[in-house]
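Reader: Hey, I've got this structure open and I'm a bit lost. Can you walk me through it?

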Amino acid sequence: MNIKFAVAGFVLWACSALATEVVTHPAVPMDQLTVTQLRAIYSMRQQNWPDGKAIRVFVLSAKNPIHQRFAKEKLQMFPYQLDRIWQKITYSGLGAAPVVLTSEQQMREMVANTEGAIGYIENSDELSTLKVIHVTQ
Amino acid sequence: MNYPRLKSFMLRSKLCLILLLSCSWQLQADELQWHGFISQGLIQAPETNFVNLDDSISAELTDVGVNMSWALSEKLRLAGQVVYLDGGRRYTKGTRLDYLFLDWTLYSDFDWRLNLFIGRFKNQHWLYSATRDVPFTRNAIVLPQSVYFDSFRDIAVGSDGLALKATRNTSIGEIELNWSWGATNLSKEQSQILLSTQAQGNADQDYVHQASLFWRPDHSAWQWGVSLLDSDFSYKKAELDLYSDGAMTVQRVMLNGRYAAEYWELSSEWVQERLDISDFYVPGFKRNSFSQGWYVQGRYNLMPRTWALLSVDIFDLDKDDRSGVKFSQSTGGMVPAYFGYQDDVTLGLTYDFTDNLRLTMEHHWVKGTARLAYPVMPDLQHNKSEYWQMWAMQLMYWF
């Protein structure tokens, strides 16, 4: 029995360690976003926070597993849909695509140091410099 | 609309773009972004006038573009793109200013946004209209001709004028509303792609007025859209001309939908187009007809980096004469009935070598010639077969 609890505990710990978290710069005046709002931000259609400050959107590359899990779990979209939206706005003049970062560590640093920034991470043990956003349905 | 002014607008626009590109080195990276693409392919469509007239394999499948987006302030942005296109006889070959507009954010709060675009902007109303010249944004090298008729490409791709875009997050999902008003200045060559080389006069688009609504429901893999188009054209004959002075009205009602799954997706558009012609062929001539078309494209992710395409595209020149028989009879049997429809089944394969280097190949099996040039004057000499085929392959790179 104890072994079963230990295994279940390990699985829960492993799952929570891999859970994708949406994070922002600490000064962003939001604690939660709906899926629709998060989609609008990552589709680059919503460009200002409620206080009027510009939203700075950061992503990891489409092939990065963290990006793929973020797209499916948080945006309820697939990476190829995001690529198409960003290509459409980039090549028809409607706006700019998000800034692509190379690693989760760089994502932490850029979001923590850029006013109005939003991004996502998976290892949520070190969060003192970031604000975690709760995504609701 | 005063066309000499439009021509001077184009010239000024090109000069502005060159000036902006030349001074871009002194701007910060987040204020100015630039991107581009280059692609080259091979295409063959024997027994038709679609690409060339000698039935040979053609390298006239080139798309090159470079664009920039410059944030002037929090509310103002300038965006421009120059492209070089070569599609053989499908549309006008050469370098052109694809878009150059000022994007003014009139209102923005957290759940809705309203933007005004002034200048030359892309058609944002159909699924692929905004990026139909950008090869890696299309599912197929040759888009479904029922909706994306290549002879109309230069008119449908964008306009000089004003446009509005509003997006709103609601309790039922995201709503996007687009409105535009403007016109396209037609060159002699563009006119002749539409009206045949026998047209010696001047064709003008007086205006094109469009509106569209897209709905992306919450918790759904679907996206739905509807769009309307109204446009008037006028033709002023030359001294020696096959045609007479005339006027045309084109009106479109369109519906579209897209479903996205993890390893496959479906996209579809339906169009009904009213074409009203007054005079033009001969003084006193009058014809009002309704064409209909639709396509469904399915893509399947066969394996990592590889997508397969199956596309069905159906077009009838007159919805009350789908076999084309009445159309043929109206010409005394001179024009075969297969000029009254065009149905196309396409199989394709796309492979991504890297994140921005792609090869696409496709084969079309086609019945009918209603979407081959010229829309107002069937080319009996070169479109001799009811059944014809086409293949194409294209290598594309973007940054």
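Reader: Which strands does helix α2 of chain A lie across?
Author: Helix α2 (residues 35–42) of chain A lies across β1 (21–24), β2, β3 (56–60), β5 (117–121) and β6 of chain A. Helix α2(A) runs at about 85 degrees to β2(A). Angles go from 0 to 180 degrees between N-to-C directions, with axes as lines fitted to C-alpha atoms, for helices over the stretch in contact. Helices (H or I, at least four residues) and strands (E, at least two) are DSSP runs, numbered from the N terminus.

Reader: And what am I looking at, how are things numbered?
Author: This is a predicted model, where local features need pLDDT of at least 70 and side-chain atom pairs count only at pLDDT 80 or more, while totals for chains, interfaces and linings use all residues. Residues are numbered from 1 along each chain as its sequence is written, and chains are lettered from A and ligands numbered from 1 in the order in which they are written.

Reader: OK, what order do the strands of that sheet in chain A come in?
Author: The open sheet has six strands, in the order β2-β6-β1-β5-β3-β4 (chain A), with mixed pairing. Two strands pair if DSSP finds at least two bridges between them. β2 (32–34) and β4 (99–101) of chain A are at the edges with a single partner strand each, so one side of each has no neighbour in the sheet. From one strand to the next, the twist averages 35 degrees.

Reader: How do β2(A) and β6 of chain A pair, parallel or antiparallel?
Author: Parallel, over three bridges, with β6 covering residues 131–136 of chain A. In that pair, Thr34(A) stands opposite Thr136(A) in β6(A).

Reader: Which residues of helix α3 in chain A are buried?
Author: For α3 (residues 65–75) of chain A they are His67(A), Phe70(A), Ala71(A) and Leu75(A). They cover an arc of only 100 degrees around the axis, which puts them on the same side of α3(A). That arc is taken from the directions from the helix axis to the C-beta atoms. Buried means 20 or more other C-beta atoms within 10 Å of a residue's own, exposed means 12 or fewer, and partly exposed is in between, with C-beta atoms placed from the backbone.

Reader: What do those buried residues pack against?
Author: The buried residues of α3(A) pack against α2, β3, α4 (79–92) and β5 of chain A. Just after α3(A), Gln76(A) has a positive phi of about 55 degrees.

Reader: Switching to chain B: how many helices and strands are there?
Author: Chain B has four helices and 16 strands. Its radius of gyration is 21 Å, close to the 21 Å from the globule rule for 399 residues, so chain B is as compact as a globular protein of that length. The radius is taken over C-alpha atoms, and the rule is 2.2 Å times the number of residues to the power 0.38. Buried residues make up 42% of the 399 residues in chain B.

Reader: How many residues of chain B touch chain A?
Author: 28 residues of chain B are in contact with 25 residues of chain A. Contact means C-beta atoms, placed from the backbone, within 7 Å. β4(B) gives the most to that side of chain B, with three residues.

Reader: Last one: where's Asp241(B)?
Author: Asp241(B) sits in the loop between β9 (222–236) and β10 (246–260) of chain B. With 14 C-beta neighbours inside 10 Å, Asp241(B) counts as partly exposed. Leaving aside neighbours within four places in sequence, Asp241(B) is in contact with Gln200(B) and Gly201(B).

Notes: Contact = placed C-beta atoms within 7 Å.
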